[in-house]
Amino acid sequence: MKRDFTQLDGQSFDLLVCGGGIYGAWVAYDAALRGLKVALVEQGDWAAGTSSASSKLIHGGLRYLETYDFRLVKKALAERQMLLEAAPHRVWPLRFGVPVYRDSRLGAFQLKAGLMLYDFLAGKPGAGMSHRRYDSAHFSGRFPFLKADGLKGGFTYADAQTDDARLVLELVDGATSSGAVCVSYCRVDRLIEEGGKATGAALQDLAGGAECRVYARQIVNTTGYWMAREQGGRCRLTKGVHLVLPGCGVNEALLLTAKADGRVFFVIPWYGRTLIGTTDTDYRGDLEHVAAAAEDIAYLLTAANDYLDTAWRPEDVIGSFAGLRALKYSDVAAPSAASRDWELEIAPNGVHYSIGGKITSAREDAASIVNSICARLGVNASCRTRGRAFPWKPEQDDHGSFPVLEEQARQSGVDQECGAWLVRRHGQRAQEVLRSIAGNPRLAIRIVPDLPFSYADLLYCAREEAVVHLDDLLRRRLPLLILARLDESEIRRLARMVAPVLGWDETAIGREVERCIRP
Ligand SMILES: Cc1cc2nc3c(=O)[nH]c(=O)nc-3n(C[C@H](O)[C@H](O)[C@H](O)COP(=O)(O)OP(=O)(O)OC[C@H]3O[C@@H](n4cnc5c(N)ncnc54)[C@H](O)[C@@H]3O)c2cc1C
């Protein structure tokens, strides 16, 4: 993947997609597969917005059953199943435990009913995806770090997990391979209109400083919460924070209910760490600097500690990240009660606006956008993304494993955990990462001892994955900046290591390190 701003200058496209999060990536990929001439531009790095700050779940959304959002849940469950099959490296099953305590807001009977409905709405999911019930001893055995006092038992059910930023990256790569021109660090400054219709955009190269114009027969705005500026009162912004804590030693997640306000939150294993999230509070602050506040951290720690045998202390928090949801405006009091459903709006100037939605169902929503675009262009081409194998999908055996790649990783000296994550991170392209180790076995070593990222992985991402800035590499290609406590000298050491690949001199290294320390 190479970034090239000059491919845009003065060009005419069938479709210009503004915003390179999950919605923009799916729209561009879908439209390119249907044969349209497509440009996708993103003002920052790919997935720099909400699409790298999610809970990383590909899920139906069990909690939406409480608000009777059955249509939303069914649609997301169908997409979950499709993604598990089309992208087994990118989307993998994750089981969730739901404990039932004497004072739980929902009792065993209500949970059982909800989980039966969830399984029913999933249709015919693969083996091992149905819910199960446990008595207290067996539930404690699965989650030994939970308080046993008052525990009556619990359930487990299945959903799925991903690496959200890499999901977007793989789709952008798919769009590029299908002919789309995809350029990061390229901001849409304003639209060009003729006779009341949008016909193009003035763009700025935020990596080089150049400006240009592009022309397009159709324009889609997938700028997520930035669109809220344009949409005024029609969007409601809410902030969601996650904390990163040490691993709990289990590969299953938990769905819990905060004792303070009855809200659902998750405790999720990810790259060997634990994510706790999310909060859901109305947001009116600076769109460019969304971060966890002290009260968000206190809320999540208290909510989790109410369930834990050994409480986490503030100093145990390794990192945090925050994202904004752009929801369709509603005046329901609690942000978490506002619908997560997605909506397409077409403005009088013809621009298509994607509002709200989920990472899980973005493909289906993008297909609706591209259907509308094709209808306007008079193009008769149906969606080709449903069930399509992902661009980096590796070969699998009958048990859903990737034995060839995992064996190659072992032979290269990559430890088992690192090897398994390498396949999830790169799919078939893991072969290329492993090849680089053949010439230099020291590249198989982990960057941080308790995180599954090798130096070979770091250098491969720097070389092949359209990295412009150091934080693209250390936050979204490998999420080291949120999963590890890297001090300035460690960040500088990593910057020096990738500098030859990225063409950075000492001044540039200093600038890049500064961006990571003071974002
Ligand atoms: C805390 C939280 C947890 C979530 N968890 C989940 C989950 O587990 N599973 C799930 O399915 N969904 C989840 N969601 C929802 C999901 O993350 C979002 O629906 C989705 O990421 C929105 O994607 P998007 O492409 O619309 O927006 P974004 O990802 O925000 O992308 C918009 C992009 O547009 C770019 N942009 C803005 N202005 C311009 C401009 N002028 N020119 C060029 N580019 C521009 C931005 O830089 C940005 O990258 C969660 C949301 C939040 C907030």
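Where does Thr 278 sit? Thr 278 is in the loop between strand 14 (273-277) and strand 15 (281-282), where helices (H or I, at least four residues) and strands (E, at least two) are DSSP runs, numbered from the N terminus. A cis peptide bond joins Thr 278 to Gly 277, with omega about 15°.

Hello everyone, and a quick word on the ground rules. This is a predicted model, in which local features need pLDDT of at least 70 and side-chain atom pairs count only at pLDDT 80 or more, while totals for chains, interfaces and linings use all residues. Residues are numbered from 1 along each chain as its sequence is written, and side-chain values use heavy atoms, with hydrogens and water left out.

Back to that peptide bond for a moment. Most residues other than glycine have a negative phi, and most peptide bonds are trans. One is Ala 47, which is not a glycine and has a positive phi of about 65°. Ala 47 belongs to the loop between strand 2 (38-41) and strand 3 (57-58). Another is Tyr 68, with phi near 60°, a positive value in a residue other than glycine. Tyr 68 is in the loop between strand 3 and helix 2 (70-86).

Are these two buried or exposed? Buried means under 20% relative accessible area, exposed over 50%, and partly exposed in between, with a 1.4 Å probe and protein chains only. Ala 47 counts as buried because its relative accessibility is 0%. Tyr 68, at 64% relative accessibility, counts as exposed.

Now let's visit the ligand. How many residues surround the ligand? There are 35, and the closest are Glu 42, Ser 51, Leu 57, Gly 357 and Thr 360; a residue is near a molecule or strand if one of its heavy atoms lies within 4 Å of it. This shell divides into eleven nonpolar, 19 polar and five charged residues. For that sorting, Ala, Val, Leu, Ile, Met, Phe, Trp, Tyr, Cys and Pro count as nonpolar, Asp, Glu, Lys and Arg as charged, and the others, Gly among them, as polar. Helix 1 (22-33), strand 8 (186-194), strand 11 (235-245) and strand 16 (319-328) each supply at least two residues of the shell.

Let's look at some atom pairs around the ligand. One of its oxygen atoms is 2.5 Å from an N or O atom in the side chain of Ser 51. An oxygen atom of the ligand is 3.4 Å from a polar backbone atom of Gly 49, and a nitrogen atom of the ligand is 3.0 Å from a polar backbone atom of Val 188. On its own the ligand has 1,000 Å² of accessible area, and the protein covers 94% of it; such areas come from the Shrake-Rupley method with a 1.4 Å probe, and for residues only the protein chains shown count as cover.

Next comes helix 5. Helix 5 is mostly covered, with twelve of its 14 residues buried. After helix 5 comes Gly 179, whose phi is positive, near 110°.

Asp 164 counts as buried because its relative accessibility is 2%. Ala 165 is also in helix 5, and is buried with a relative accessible area of 7%. Leaving aside neighbours within four places in sequence, Ala 165 is in contact (heavy atoms within 4.5 Å) with Ala 47, Ser 51, Ser 52 and Arg 476.

My last stop is His 469, in the loop between helix 12 (455-464) and helix 13 (470-477). His 469 counts as buried, at 14% relative accessibility. A polar contact of 2.8 Å joins its side chain to that of Glu 512. Not counting residues up to four places away in sequence, His 469 touches Tyr 185, Trp 504, Glu 512 and Arg 515.

Methods: Polar contact = N/O pair within 3.5 Å; in protein donor to acceptor, adjacent residues only side chain to side chain.
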